[in-house]
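Subject: Structure handover and side-chain contacts

Hello,

Here is the structure for your files. My notes on its side-chain contacts follow below.

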Amino acid sequence: MSLKSDMTTLKIPAAGPGPAESTTQWTEARHAYPLYAALAAQFNLAPLPHPLGELPPVRPPRETFDNDLAWLEAVDAKVLAYQIRQLPSEILNASDETLRAVLHRQLRKQAKVQPDRDKIDLLLVQYFALCAPEELYRKEIRLEDAAQVLQPVLGTTDVSNVDWAAALDKILEKVADCESLRDMMEHGLLEQGRLLKESIGEAFYAPAALVAFCRFNFLLRRAFIRMLHADLSAVRHAVEALDACGVKTVDCRRAGFSAAETTVQLRYYCENWKQPFHKDYTETSVSRAFEQLLALRADLEEALSRSRPREADSGAAAPTKSTHQSATIGDRPSDHETADATPPPATVQVAPSNAAAAKKPESATGAPSASGTSDSGAKSASADPATPTGSLETEKCLEAIWEQLIAAPPSRGRSMSTVVLRDTKVLLSSWEVAAFVAEGGQEAEDLRRAVVARALLAVAMDQRKRSGDLNGLASALGHAKEEVSYFQGRVEIAKREKNTEAAVNLGISTKRLLSFIEESEKLQP
């Protein structure tokens with residue numbers, strides 16, 4: 001099936017001048033009104049034209065008819081998808097007629113922009129989840145099944161030959177192999193789906209495309225929830241196991257907690273953790289919340305691996321090293337990170353293979369040598385004044401990260417690693433680690449810059465919390481914002497060049513930096 005541009009707007013009849021058309025338009029408006037009224041009230045978008053909880057009249061005078069339709073248009077222009085997501089479920093899922101009416105209003109638009117696409121994307125999967133028969137949840141959901149559920153919204157849709165939908169199925173196959181959110185995030189599966197959606201452009205609005213993406217989003221959300229529960233369960237079990245081993249405090253700095261977080265506080269956090277969809281929602285803040293959960297799981301599992309009794313000395317060292325190599329890195333509380341920022345590639349690009357040859361013998365000789373390097377780094381770091389972030393500072397940070405990663409490279413199969421800079425733990429993804437320890441060109445250079453900018457900001461945030469230092473935070477924040485603009489441009493270039501891996505990896509690293517920027521701005525006076 002070819003997706004033509006003339007198919008990107010559904011042929012949903014618009015209102016005409018006749019009484020029958022006006023009646024149809026008003027009936028749709030009354031169905032859509034409760035959702036728009038809830039949004040307007042919750043987010044102060046506009047005063048309600050009718051008392052709270054009341055519908056517009058069945059037979060309105062002409063003035064009410066015109067004013068209410070204009071009101072719906074005005075509110076719709078202000079509403080974003082994340083706001084719809086924040087509505088209480090009893091409102092969002094109150095009626096399939098309401099969802100269908102709002103969807104028809106979106107799909108009828110001739111000129112659609114990204115906020116319209118995001119709203120359609122969200123509302124379709126919400127409608128599917130509400131209207132799909134229960135037995136469909138217990139079997140493999142095919143495109144034909146999704147098309148049938150969505151028929152009242154999209155009409156009869158032929159999904160027999162949607163060539164590019166195979167790419168969505170490949171992502172879903174990878175999702176099925178994931179056991180935790182960490183796996184999903186490390187493979188960039190969410191980002192791959194977004195890139196595919198963007199790549200088909202206006203063809204996204206063709207009925208077959210809407211069916212395919214609705215099915216994809218529903219299955220992805222179901223897998224996401226399954227893995228989220230698995231991660232939460234793992235965190236709870238780790239806290240219980242630490243309690244059983246007599247451990248009362250845990251170093252959870254990587255997750256943004258203290259270096260001596262009590263198991264009582266951690267248990268309370270687990271029991272009260274909620275998906276961050278109902279307040280202060282932005283894409284980066286949500287991503288940050290889930291990353292914090294994954295970092296907490298990593299902190300707890302590392303602490304548990306160190307606290308469990310060993311059967312023998314020889315048997316104790318091997319499991320710790322192979323299973324939790326990042327803990328070896330994290331135990332050295334002094335190495336620094338910096339943001340490989342404005343300098344051109346030649347300024348900061350140290351050949352990783354040469355660096356490994358030079359640094360690895362010194363760091364691998366034993367604990368005293370490693371700790372000596374860390375201590376000197378800590379002293380120089382603490383002595384540095386809070387000056388604007390420059391090339392010298394970023395190079396120091398780059399070298400510190402390199403030294404730690406080379407000294408204790410992550411074990412095969414472990415997706416994340418940790419470095420410690422000025423007593424601040426920073427979590428790195430597998431592709432970010434590879435950018436430091438393996439040969440690479442401009443793509444690796446961009447990733448190193450992203451990691452360093454994030455690390456500098458993380459260190460500055462911790463110093464702000466501990467000492468109240470505002471100068472260091474302002475400097476790191478300004479540097480991070482400058483870097484984000486560069487990274488976003490590089491992601492767009494990768495997309496145009498169809499370099500999906502580079503776009504996904506740098507895109508995720510950039511979003512992590514954005515989430516740190518968002519958090520750091522909350523610490524500003």
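Please keep in mind that this is a predicted model.

The structure contains nine aromatic pairs. In one of them, Tyr-33 and Trp-71 are tilted, with 5.5 Å from centre to centre and 40 degrees between the planes. Tyr-33 belongs to helix 1 (residues 19-43) and Trp-71 to helix 2 (residues 62-78), so this pair ties together parts that are 38 residues apart in sequence. Tyr-33 counts as buried, at 4% relative accessibility, and Trp-71 is buried with a relative accessible area of 11%.

Phe-128 and Phe-218 make an edge-to-face pair, because their planes are at 65 degrees, with the ring centres 4.9 Å apart. Phe-128 is in helix 6 (residues 114-131) and Phe-218 is in helix 12 (residues 207-244), so parts that are 90 residues apart in sequence are tied together by the pair. Both Phe-128 and Phe-218 are buried. Together with Tyr-137, Phe-128 and Phe-218 form one aromatic cluster.

Charges over rings

Two such contacts can be noted here. The charged end of Lys-112 sits over the ring of Tyr-205, 4.9 Å from its centre. Arg-449 lies over the face of Tyr-486, at 4.0 Å from the ring centre.

Cysteines

The structure holds zero disulfides. Cys-178 counts as buried at 4% relative accessibility, and Cys-214 is buried with a relative accessible area of 1%.

Salt bridges

A search of the whole structure gives 30 salt bridges. Lys-197 and Asp-121 form one of them, with the closest N and O atoms 2.3 Å apart. This pair links distant parts of the chain, as Lys-197 is in helix 11 (residues 189-199) and Asp-121 is in helix 6, 76 residues apart. Lys-197 is buried, with a relative accessible area of 12%, and Asp-121 is buried, with 11%.

Glu-432 and Arg-454 also meet in a salt bridge, at 2.9 Å from N to O. Glu-432 lies in helix 21 (residues 430-437) and Arg-454 in helix 22 (residues 442-467), so the pair ties together parts that are 22 residues apart in sequence. Glu-432 counts as buried at 0% relative accessibility, and Arg-454 is buried with a relative accessible area of 1%.

Within helix 22, Arg-448 and Glu-445 lie three residues apart, about one turn of the helix. Their side chains meet in a salt bridge of 3.1 Å, N to O, and both residues are buried. Elsewhere, a network of salt bridges links Asp-76, Lys-109, Asp-116 and Lys-119.

Regards

Note on methods. Residues are numbered from 1 along each chain as its sequence is written. This is a predicted model: local features need pLDDT of at least 70, side-chain atom pairs count only at pLDDT 80 or more; totals for chains, interfaces and linings use all residues. Side-chain values use heavy atoms; hydrogens and water are left out. Rings of Phe, Tyr and Trp (its six-membered ring) pair if their centres lie within 6.5 Å; planes under 30 degrees apart count as stacked, over 60 as edge-to-face and the rest as tilted. Helices (H or I, at least four residues) and strands (E, at least two) are DSSP runs, numbered from the N terminus. Buried means under 20% relative accessible area, exposed over 50%, partly exposed in between (1.4 Å probe, protein chains only). A charge sits over a ring if NZ of Lys or CZ of Arg is within 6 Å of the ring centre and within 35 degrees of the ring normal. A disulfide is a pair of cysteine sulfur atoms within 2.5 Å. A salt bridge is a side-chain nitrogen of Lys or Arg within 4 Å of a carboxyl oxygen of Asp or Glu.
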